[in-house]
Amino acid sequence: VPPKMQKEIVVFTKEEIKIIKKRALTYNNRCDFGIILCLYMGLRIGELCALKKESFDLDNYTITVNHTILRIKNVNKSRNYKTKLIITNPKSKTSLRTIPIPDILKKYVKFYVINMNTGNYFLTNSHVAMEPRCYTNHYKRFLKYWGINNKKFHTTRHTFATNCITLGCDYKTVSELLGHANVNITLNLYVHPRYSQKKKCIDLVSKIFQEKANK
């Protein structure tokens, strides 16, 4: 059986990020702003939909991720629907995490959160959560309206992680920010040496062999 090939990681371009930032960094649309939260903080879509007012600490400016929203197969045969929506703990202990809010987002987060009632979900500002599938539809409309090529919502998370690695953040920190079960997941997904790095490595080894041969 041929081995399963890892799909290429797709990220937003600098120009696309610029457009998203201009259009979603706003005081008047929570759902648009949710895209920015994921792009700047690496949240999964289910984690975003599960955020409540209590998830935000405006004293320390952090977001605590301790729940996610999932649509799963309904095993109750007495029901007429095939799937059901659940709000549960993240899939692993490492997904339970606290993430610092970037300085650029602080004033926007504060504006939205102080106008929420206790127990309300962030995206809806009500006691009813938004389903990830519905939020995905909103995200797709946003991209289409502003002329950005359609990409999966998980691209926001890929872009965050790739930028962290590119800027030289240590792998352990990036892994914890993403809530990965172990750092190997982060390494396998996002750490891909460039050709120039590979050539430099080969040249260094060749130099050592040459030095030994000359002795």
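**Exercise 1. Is threonine 155 buried or exposed, and what is its relative accessible area?**

*Before you start.* This is a predicted model: local features need pLDDT of at least 70, side-chain atom pairs count only at pLDDT 80 or more, and totals for chains, interfaces and linings use all residues. Numbering starts from 1 along each chain as its sequence is written, and side-chain values use heavy atoms, with hydrogens and water left out.

*Solution.* 
- Step 1. Recall the cut-offs: buried is under 20% relative accessible area, exposed is over 50%, and partly exposed is in between (1.4 Å probe, protein chains only).
- Step 2. Threonine 155 has a relative accessible area of 3%, so threonine 155 is buried.
- Step 3. Helices (H or I, at least four residues) and strands (E, at least two) are DSSP runs, numbered from the N terminus.
- Step 4. Leave aside neighbours within four places in sequence. Threonine 155 then contacts Val10, Val11 and Phe12, where contact means heavy atoms within 4.5 Å.

**Exercise 2. Describe how helix 7 and helix 8 cross.**

*Solution.* 
- Step 1. Two packed helices are described by the angle and the distance between their axes. Axes are lines fitted to C-alpha atoms, for helices over the stretch in contact; angles run from 0 to 180 degrees between N-to-C directions.
- Step 2. The axes of helix 7 (residues 171-178) and helix 8 (residues 183-190) come within 9 Å and cross at roughly 100°.
- Step 3. Helix 7 is therefore roughly perpendicular to helix 8. The angle classes are: under 35 degrees roughly parallel, over 145 roughly antiparallel, 65 to 115 roughly perpendicular, the rest oblique.
- Step 4. Helix 7 makes the contact with Tyr171, Lys172, Val174, Ser175 and Leu178; helix 8 uses Val183, Thr186, Leu187 and Tyr190.

**Exercise 3. Find the residues that touch the most other members of the largest nonpolar core.**

*Solution.* 
- Step 1. A nonpolar core is a set of buried Ala, Val, Leu, Ile, Met, Phe, Trp, Tyr and Cys residues joined through side-chain atoms within 4.5 Å.
- Step 2. The largest core has 41 residues; Ile20, Phe33, Leu37, Leu43, Leu48, Phe122 and Tyr135 touch the most other members.
- Step 3. Helix 2 (30-41) is one of the elements that give two or more residues to this core. Helix 2 gives the most, with eight residues.
- Step 4. Turn to the second, separate core. This core has seven residues, including Ala161, Val174, Leu178 and Tyr190.
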